[in-house]
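The sequence and the model are shown first.

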Amino acid sequence: MTVVKYHPLYQDRMPQTFSSLLDNFFNEAVTSRKAVGFTPQVDLWETKEAYAVEVALPGLKKEDIHVEFQEGVLTVSGERKQREESQEQKYRRVESNYGKFSRSFQLPEQVDGAAINAQFENGVLHISLLKVEVKVVKHQISVK
């Protein structure tokens with residue numbers, strides 16, 4: 001039989017029972033979790049008439065989401081806020097990511113920036129980007 005003596009300084013860190021070990025694990029895992037942000041999953045595809053983007057944003061409201069198009073770049077940003085822990089509930093495990101997010105996509109020149117349509121339904125943001133004919137960069141204009 002091996003006898004192990006613990007240093008008094010570390011006595012409070014050693015769990016007395018397996019149950020207290022689990023309690024310490026869950027308390028530390030939940031309370032030490034920081035809201036560092038997350039990266040939502042995105043699906044992109046192309047059809048003959050348009051490009052389509054779907055962004056998975058479960059738990060958000062449409063007021064929390066911002067979609068912006070500037071100089072050929074589509075940016076989706078927002079924030080998923082963590083719920084406050086109340087006296088009646090005590091989190092045992094938190095696997096969701098919280099915080100601010102931003103995703104940007106360089107779009108082809110054939111996108112009509114004025115005809116971008118965004119709809120948020122069931123936690124998924126659907127963005128439709130209509131294609132236009134290739135933009136004319138330079139052409140000669142006759143003077144009448």
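## Surface, fold and local contacts

The protein chain has an accessible surface of about 11900 Å², and 50% of this area belongs to carbon and sulfur atoms; accessible areas come from the Shrake-Rupley method with a 1.4 Å probe, and for residues only the protein chains shown count as cover. This is a predicted model, in which local features need pLDDT of at least 70 and side-chain atom pairs count only at pLDDT 80 or more, while totals for chains, interfaces and linings use all residues. Residues are numbered from 1 along each chain as its sequence is written, and side-chain values use heavy atoms, with hydrogens and water left out.

Of the 144 residues, 21% count as buried, where buried means under 20% relative accessible area, exposed over 50% and partly exposed in between (1.4 Å probe, protein chains only).

The largest nonpolar core has 17 residues, and Val 53, Val 55, Leu 57, Val 76, Leu 125, Ile 127 and Leu 129 have the most contacts inside it. Two or more residues of this core come from each of β2 (50-56), β4, β5 (99-106) and β7 (124-131). Such a core is a set of buried Ala, Val, Leu, Ile, Met, Phe, Trp, Tyr and Cys residues joined through side-chain atoms within 4.5 Å.

Leaving aside neighbours within four places in sequence, the contacts of Ile 127 include Tyr 51, Val 53, Val 76 and Ile 116; contact means heavy atoms within 4.5 Å. The ring of Tyr 51 also lies under the charged end of Lys 131, which is 4.8 Å from the ring centre. This term requires NZ of Lys or CZ of Arg within 6 Å of the ring centre and within 35 degrees of the ring normal.

Thr 75 lies in strand β4 (residues 73-80) and counts as buried because its relative accessibility is 17%. Residues touching Thr 75, not counting those up to four places away in sequence, include His 66, Glu 68 and Arg 103.

| Residue | Phi | Loop |
|---|---|---|
| Glu 71 | about 50° | between β3 (65-70) and β4 |

Glu 71 is exposed because its relative accessible area is 75%, and Asn 122 counts as exposed at 75% relative accessibility.

Technical notes: Helix = DSSP H or I, 4+ residues; strand = E, 2+ residues; numbered from the N terminus.
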